[in-house]
Amino acid sequence: MNNLKVIIVGAGMGGLTTAIAMSQAGYQVEVYDRVRELRPAGAGISLWSNGVKVLNRLGLGAEIAHIGGSMQRMSYFSKTGETLTDFSLQPLINTVGQRPYPVARTDLQQMLLAAFGANNVQLNSKCIAVEQTEASATAIFADGRRSTGDVVVGADGTHSLIRNFVLGQPTTRRYVGYVNWNGLVNASETLTPKKNWVIYVGDHQRASMMPVGSDRFYFFFDVPLPQGVAPKADARAELVRYFEGWAEPVQHLIQQLNPAQTNRVEIHDIEPLPNLVRGRVALLGDAGHSTAPDLGQGGCQAIEDAWVLTNALLTTNVSVADALKRYETARRDRTAEIILKARKRADMIHGKAPEKTQQWYKDLAQEDGTEIMAAIAKTILQGPLN
Ligand SMILES: Cc1cc2nc3c(=O)[nH]c(=O)nc-3n(C[C@H](O)[C@H](O)[C@H](O)COP(=O)(O)OP(=O)(O)OC[C@H]3O[C@@H](n4cnc5c(N)ncnc54)[C@H](O)[C@@H]3O)c2cc1C
């Protein structure tokens with residue numbers, strides 16, 4: 001279909017990638033976000049090759065390579081620093097045809113904003129309702145403004161309001177069972193070799209670092225905790241306590257991080273949704289499928305959605321609603337599987353059934369990378385550009 005007007009609510013990585021793809025398709029695109037200033041939540045993200053391929057296809061290959069970290073090896077260590085497994089990621093890259101890029105979220109957002117045009121995003125625009133007729137869909141904003149187009153895309157994140165409209169009822173987010181701390185530090189060989197993704201595991205916890213652009217590491221820590229445990233101290237003091245006795249690089253990391261710039265997140269997901277569209281309104285990204293970050297796929301799935309939705313509109317001519325149904329058919333099972341796989345992996349990593357976590361530690365010590373890379377490749381190769 002040609003000459004469509006697309007209203008996108010949410011300028012996160014899903015909304016912005018959609019805006020770029022829809023603009024390239026020749027559609028008139030309006031993007032709205034409720035914030036006064038766009039600042040991504042969280043510090044870094046690993047963009048696996050399925051997400052990178054979409055960005056390549058949108059002409060952003062050089063830009064993503066520029067901001068991405070050069071991650072060449074993956075290593076697991078026990079909490080006291082014994083190597084469990086250490087391998088090159090090159091076989092994975094050869095299998096899937098594209099290297100992954102860990103990136104700082106701010107860099108990714110700047111890149112996407114520059115590609116779409118930062119001035120084209122209408123900020124301070126909180127969507128409070130959506131309406132539709134046979135012929136159009138409308139987003140309504142808190143200050144009374146209305147924007148009507150052929151399609152409304154709900155890219156409004158995990159707390160999505162548009163999800164309520166699509167489903168006809170609110171959704172409850174589900175606590176996955178652990179708290180994640182994340183941030184950026186200057187890269188240094190006292191922490192880990194600069195081209196390695198390292199993960200320390202033990203006590204159902206993780207501590208990890210991976211390289212991102214501009215000579216920095218994205219780091220994260222995970223600790224299973226009951227829901228709603230308020231932090232009694234700053235991030236460093238909390239991490240000192242939870243990671244007491246862990247290997248020296250983990251201690252160095254805790255001392256080098258900036259507690260004021262370390263995010264602390266209780267990890268949630270949602271149950272897979274029965275539908276992602278209603279008439280002319282489509283959910284995209286976390287609005288449609290919030291997932292635990294244990295596969296590193298939430299953002300990548302938002303980017304895949306953007307590509308599939310744009311192509312569903314471009315390649316069919318029955319009706320907008322028909323194109324959106326095709327999008328839903330292409331995405332519902334794929335994203336449901338990611339939610340459930342990530343949840344299962346989160347449970348295994350964080351000791352939901354402690355014997356499974358112990359078995360995972362033992363399995364890691366037997367790994368030469370083959371199994372780990374096969375699992376990652378499988379997820380990547382089920383993406384839309386393979
Ligand atoms: C700790 C952690 C680590 C992660 N690591 C990875 C990883 O390594 N790899 C990966 O691929 N994914 C990862 N993810 C997942 C990834 O962050 C999300 O899947 C991704 O940010 C979703 O993008 P989005 O555009 O759908 O939503 P968001 O980025 O949340 O954007 C939603 C936007 O909508 C706006 N908005 C919300 N409501 C309204 C409204 N009513 N009106 C107007 N605007 C509104 C918000 O202001 C926001 O800008 C991780 C997540 C977490 C929590």
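Which residue of β15 stands opposite Val179? I looked, and Val223 holds that place.

**Ground rules**

I am working with a predicted model: local features need pLDDT of at least 70, side-chain atom pairs count only at pLDDT 80 or more, and totals for chains, interfaces and linings use all residues. Residues are numbered from 1 along each chain as its sequence is written. My helices (H or I, at least four residues) and strands (E, at least two) are DSSP runs, numbered from the N terminus.

**Entry 1: the sheet**

I traced seven strands in an open sheet with mixed pairing, in the order β5-β4-β13-β14-β15-β12-β16. Two strands count as paired if DSSP finds at least two bridges between them. At the edges I found β5 (83-88) and β16 (263-269), each pairing on one side only. Neighbouring strands are turned by 15° against each other on average, direction ignored.

Back to my opening pair: β12 and β15 (residues 216-224) run antiparallel and are joined by nine bridges. I then noted helix α8 (residues 248-256), which packs on the sheet and touches β12, β13 (196-202), β14 (205-212) and β15. The direction of α8 makes about 70° with that of β14. For contacts I used C-beta atoms, placed from the backbone, within 7 Å of each other.

**Entry 2: around β4**

I followed β4 (residues 73-78) on both sides. With β5, β4 pairs in the antiparallel sense over five bridges, and Phe77 stands opposite Thr83. These two strands make a hairpin with four residues between them. In the turn I found Gly81 with a positive phi of about 100°. With β13, β4 pairs in the parallel sense over six bridges; there Met74 stands opposite Trp197.

**Entry 3: the ligand**

I counted 34 residues around the ligand, the closest being Gly10, Gly12, Gly157, Gly285 and Gly298. A residue is taken as near if its C-beta atom, placed from the backbone, lies within 6 Å. Two or more residues of the shell come from each of α1 (13-24), β3 (44-47), β12 (174-186), α9 (286-289) and α10 (298-314).

Which element gives the most to the shell? I found α10, with four residues.

By class, the shell has 14 nonpolar, 15 polar and five charged residues. Here Ala, Val, Leu, Ile, Met, Phe, Trp, Tyr, Cys and Pro count as nonpolar, Asp, Glu, Lys and Arg as charged, and the others, Gly among them, as polar.

**Entry 4: the partners of α10**

I checked α1 against α10 and found axes that come within 8 Å and cross at roughly 25°. Axes are lines fitted to C-alpha atoms, for helices over the stretch in contact, and angles run from 0 to 180 degrees between N-to-C directions. The two helices are therefore roughly parallel (under 35 degrees). Their contact includes Met13, Thr17 and Ala21 of α1 and Ala302, Ile303 and Ala306 of α10. By class I have eight nonpolar, five polar and one charged residues in it.

Next came α11 (residues 320-349), which packs with α10 at an angle of about 160°, axes 8 Å apart. This pair is therefore roughly antiparallel (over 145 degrees). Among the residues in contact are Val308 and Leu309 of α10 and Leu324 and Tyr327 of α11. I have nine nonpolar, two polar and three charged residues for this contact.

Key
Contact = placed C-beta atoms within 7 Å. Parallel < 35°, antiparallel > 145°, perpendicular 65-115°, else oblique.
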